Amino acid sequence: MTKTDHTPLLQLRDVRKQYSIRTGLGLGEPLTVTAVSRVSLTLRQGETLGLVGESGCGKSTLARLILGLEKPTSGDIHYRGGRLDEWRRLDLRRRMQMIFQDPFASLNPRQKIGDIVEEGPLIHHMGSRKERKEAVLQLLGMVGLSPEYANRYPHEFSGGQRQRVAIARALALHPELVVCDEPVSALDVSIQAQVLELLADMRKRFDLTYLFISHDLSVVGHVCERAAVMYLGSLVEEGPTESMFADPLHPYTKALLAAAPIPDPDAARRRAKLSGDPPSPIDPPGGCPFHPRCNQAFEPCSRVAPQLAERAPGRRTACHLYDPEHQATLATTAAKETL
Ligand code: SF4
């Protein structure tokens with residue numbers, strides 16, 4: 001892993017995203033769905049931050065907000081110290097790139113590989129035609145593809161090769177931040193390690209910062225220095241991957257880790273099964289959103305929403321188990337259970 005210089009590249013402050021939806025025949029008052037709920041998060045220059053959680057927890061909505069593709073309902077996003085919505089859209093497009101989950105759907109089947117990689121620099125008027133063509137061939141070589149593939153079409157390639165093309169396309173604009181949205185989950189396991197290694201190489205070579213979205217904790221543990229765990233639109237835990245994985249604080253993180261195929265001799269003693277499905281964001285539970293599934297829930301959990309706060313150096317979590325004001329209740333609950 002490369003060294004992070006700790007300068008904030010991106011800062012989310014109390015970001016919320018809500019949508020109005022109509023159900024049934026579309027009659028009656030629209031319902032409000034909160035996809036992202038008051039998320040505050042910092043992405044530091046040069047780091048790889050993992051964003052994890054089950055499907056529908058708000059990870060992809062958060063990525064779209066970060067990329068400026070959608071506006072938050074409330075809260076601020078700052079990029080390089082300036083408000084995201086004050087940046088020119090074209091500047092942001094160049095500085096922030098995305099690598100999508102599905103390399104079969106993300107490449108235009110009617111474009112040649114060379115044209116796909118060149119498209120961004122062409123739109124941004126980067127270099128002469130000759131310089132762009134040379135840069136494309138160089139990039140294809142860097143991502144492990146033969147330069148002669150530039151004249152071929154996406155359907156001629158395997159999933160792993162297509163993801164290499166997608167990486168070359170993202171790098172062609174010399175971005176600063178790359179949002180990797182489940183970049184290996186559609187690939188065969190044998191190919192995943194190669195693509196992860198390529199991403200790590202490219203990060204070092206181009207001094208990139210990654211936001212790495214994944215539901216796969218073993219992948220996050222392998223590539224990310226820090227991780228942020230989302231549940232039902234909220235951040236529930238954030239911190240260095242190493243300490244979080246060795247000693248997770250939040251019961252949801254514990255359950256995710258227990259379910260992940262991570263080699264860990266101690267895993268058996270902290271198995272915490274995750275039961276049931278996440279509640280609907282249309283009608284989220286009151287108090288802690290995780291309380292209907294939490295095996296450590298106690299008195300305040302169903303009525304008071306916990307706040308994300310630092311509970312250990314560099315470690316934040318939103319859970320009443322660590323709230324000083326609820327320690328007495330917790331001790332009483334534990335005493336009753338031992339009787
Ligand atoms: Fe479980 Fe309560 Fe912590 Fe929520 S606040 S995770 S319900 S212990």
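View 1. L187 is buried, with a relative accessible area of 8%, where buried means under 20%, exposed over 50% and partly exposed in between, computed with a 1.4 Å probe on the protein chains only. The model is predicted: local features need pLDDT of at least 70, side-chain atom pairs count only at pLDDT 80 or more, and totals for chains, interfaces and linings use all residues. Residues are numbered from 1 along each chain as its sequence is written, and side-chain values use heavy atoms, with hydrogens and water left out. L187 belongs to the loop between β7 (177–181) and α6; helices (H or I, at least four residues) and strands (E, at least two) are DSSP runs numbered from the N terminus. A separation of 8.8 Å is found between the C-alpha atoms of L187 and P103, which are 84 residues apart along the chain.

**View 2. The loop that holds L249.** L249 is located in the loop between α8 (241–246) and α9. Its relative accessibility is 9%, so L249 counts as buried. Between the C-alpha atoms of L249 and L9, 240 residues apart along the chain, the separation is 26 Å.

**View 3. Aromatic contacts around Y252.** Rings of Phe, Tyr and Trp (its six-membered ring) pair if their centres lie within 6.5 Å; planes under 30 degrees apart count as stacked, over 60 as edge-to-face and the rest as tilted. By this rule there are five aromatic pairs. In one of them, the ring centres of Y252 and F290 are 5.2 Å apart and the planes stand at 65°, so the pair is edge-to-face. Because Y252 lies in helix α9 (residues 251–259) and F290 in the loop between α9 and β11 (309–312), the pair ties together parts that are 38 residues apart in sequence. Both Y252 and F290 are buried. Together with Y231, these two residues form one aromatic cluster.

View 4. The ligand is surrounded by 13 residues, the closest being C288, C294, C301, C319 and H320; a residue is near a molecule if one of its heavy atoms lies within 4 Å of it. Of the residues in this shell, nine are nonpolar, four are polar and none is charged. Ala, Val, Leu, Ile, Met, Phe, Trp, Tyr, Cys and Pro count as nonpolar, Asp, Glu, Lys and Arg as charged, and the others, Gly among them, as polar.

**View 5. An open antiparallel sheet.** Four strands form an open sheet in the order β2-β1-β4-β5, with antiparallel pairing. Its edge strands, β2 (31–44) and β5 (82–83), each pair on one side only. Two strands pair if DSSP finds at least two bridges between them; strand β1 (residues 8–21) and β2 are joined antiparallel over ten bridges. V15 faces V39 in β2.

View 6. Strand β12 (residues 315–317) runs antiparallel to β11, and three bridges join the two. A312 is opposite R315 in β12.

**View 7. Positive phi at D207 and L232.** D207 is not a glycine, yet its phi is positive, at about 55°. D207 occupies the loop between α6 (189–206) and β8 (209–214). L232, likewise a residue other than glycine, has a positive phi near 50°. The loop between β9 (226–231) and β10 (234–240) contains L232, which is buried with a relative accessible area of 13%.
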